[in-house]
Amino acid sequence: MHQEPGQGLLSIGAFAARARLSPKALRLYDRLGLLAPAHVDEASGYRYYRADQVERARTVALLRRLDMPLAGIAEVVGLDGERAARSLDAYWSGVEERFAEQRTLARYLRGRLSGRNTELYATFEVKTVDVPETYVLSETRHVSAGELPAWIGASAERLERAAVERCGGMAAPHFVVYHAEVTEESDGPAESCVPVVDAEAARAWAAEQGRATAAQVRAEPAHRLAYTRITKAQVAYPQIIAAFDAVEAWAAGQGLTVTGPCREVYFADWDSCGPEDEVCDVAFPVSRA
């Protein structure tokens, strides 16, 4: 309920001085719904504030300096104590993740624009590993770059749960095979794969699903992979293209032939990792020419 002036209220000028803000900023906060005056004089339109609104005004100003969206600011200032702090933490974690992705993208673009791709590729350490034959439980889908992260997460969760509960466990980490390029213009398809211990049990589970997930079981032949390990920030498109290009360039330099589609092997818990943590191997099947 609005109070009438004269009951300990401060004029907008006095309140602005105490909050170390300008009257213009306070009028903006009112218009944005972040800090309403305690009273507005109907005749003059003058705004009046309570002294205990100073802390909220300063908090709003500081949150705006973090480029927090208005909805996020309204949420934080509407919470108390630890809940407000947790809301801020969640927002800032997202900011740091986006910044890490942008820094990685800028490094990638700098190499492309300068024509110094060789120097860019040298920042990736490429190795090889021999992978034994296994059976995989998989889903294949046509998907755009924007849809890809959500689909990878959802399909991995479905397939990993099935592997653990119905197929004797996972024989190796989840991986994604790109049978064609996935960008905003090209939709693959991509194949999400989980190696399983019990292939027959996996076939039974896939048959139960019908067409709901298009799950299938197939043999993954023994092969050699050329790969480089990347961070969570580097997984984002188009930053990840630099890693794929680096592996291809390294393989060519070693006299190796790429024998199959590129893939990403996810070996870490995505949700618990920060942007600089290693989460994924970018790889190509290769053989000696």
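# A tour of selected sites in a predicted model

Start at tyrosine 266, which is buried because its relative accessible area is 14%, under the 20% limit. Keep in mind throughout that this is a predicted model.

Stop 1: Tryptophan 270 is partly exposed, with a relative accessible area of 34%. A pair of aromatic rings is described by the distance of the centres and the angle of the planes. There are 4 aromatic pairs in the model. One of them has phenylalanine 244 and phenylalanine 284 as its members, with 5.9 Å from centre to centre and 80 degrees between the planes, an edge-to-face arrangement. Tyrosine 266 and tryptophan 270 also form an edge-to-face pair, at 6.3 Å centre to centre and with 70 degrees between the planes.

**Stop 2: phenylalanine 244 and phenylalanine 284.** Where in the chain does each member of the pair sit? Phenylalanine 244 belongs to helix 10 (residues 239-253) and phenylalanine 284 to strand 12 (residues 278-288), so the pair links distant parts of the chain, 40 residues apart.

**Stop 3: alanine 249.** Stay on helix 10, which also holds alanine 249. Alanine 249 is partly exposed, at a relative accessible area of 36%. Now select tyrosine 121 as well: its C-alpha atom is 7.8 Å from that of alanine 249, although 128 residues separate the two along the chain.

**Stop 4: helix 7 and helix 8.** Select residues 148-166 for helix 7 and residues 199-209 for helix 8; their axes come within 10 Å and cross at roughly 125 degrees. Helix 7 and helix 8 are therefore oblique to each other, since the angle falls between the perpendicular range, which ends at 115 degrees, and the antiparallel one, which begins over 145. The crossing of helix 7 with helix 8 is right-handed. To see the contact, show the side chains of Leu159, Ala162 and Arg166 in helix 7, which meet Ala201, Trp205 and Glu208 in helix 8. This contact has 4 nonpolar and 2 charged residues, and no polar ones.

**Stop 5: helix 3 and helix 4.** Move to residues 54-65 and 70-77, which are helix 3 and helix 4. The axes of helix 3 and helix 4 come within 10 Å and cross at roughly 145 degrees, and the crossing is right-handed. On helix 3, display Arg56, Thr59, Val60, Leu63 and Arg64; on helix 4, display Leu70, Ile73, Val76 and Val77. By class, the contact of helix 3 with helix 4 divides into 6 nonpolar, 1 polar and 2 charged residues.

**Stop 6: backbone exceptions.** Most residues other than glycine have a negative phi, and most peptide bonds are trans. In the loop between helix 3 and helix 4, select aspartate 67. Aspartate 67 has a positive phi near 60 degrees without being a glycine. Is aspartate 67 buried or exposed? Aspartate 67 is exposed, with a relative accessible area of 64%.

Next, go to arginine 20, in the loop between helix 1 (12-19) and helix 2 (23-31). Arginine 20 is not a glycine, yet its phi is positive, at about 60 degrees. With 65% relative accessibility, arginine 20 counts as exposed.

Finish at proline 189, in the loop between strand 6 (175-178) and strand 7 (190-196). The peptide bond joining glycine 188 and proline 189 is cis, with omega about 20 degrees.

Terms used:
Residues numbered from 1 in each chain as written. Heavy atoms only, no water. Axes fitted to C-alpha atoms, helices over the stretch in contact; angles between N-to-C directions. Helix = DSSP H or I, 4+ residues; strand = E, 2+ residues; numbered from the N terminus. Parallel < 35°, antiparallel > 145°, perpendicular 65-115°, else oblique. Left-handed = near helix turned anticlockwise from the far one by under 90°. Contact = heavy atoms within 4.5 Å. Nonpolar A, V, L, I, M, F, W, Y, C, P; charged D, E, K, R; others polar. Phe/Tyr/Trp six-rings, centres within 6.5 Å; stacked < 30°, edge-to-face > 60°. Buried < 20%, exposed > 50% of the residue type's maximum accessible area, 1.4 Å probe, protein only.
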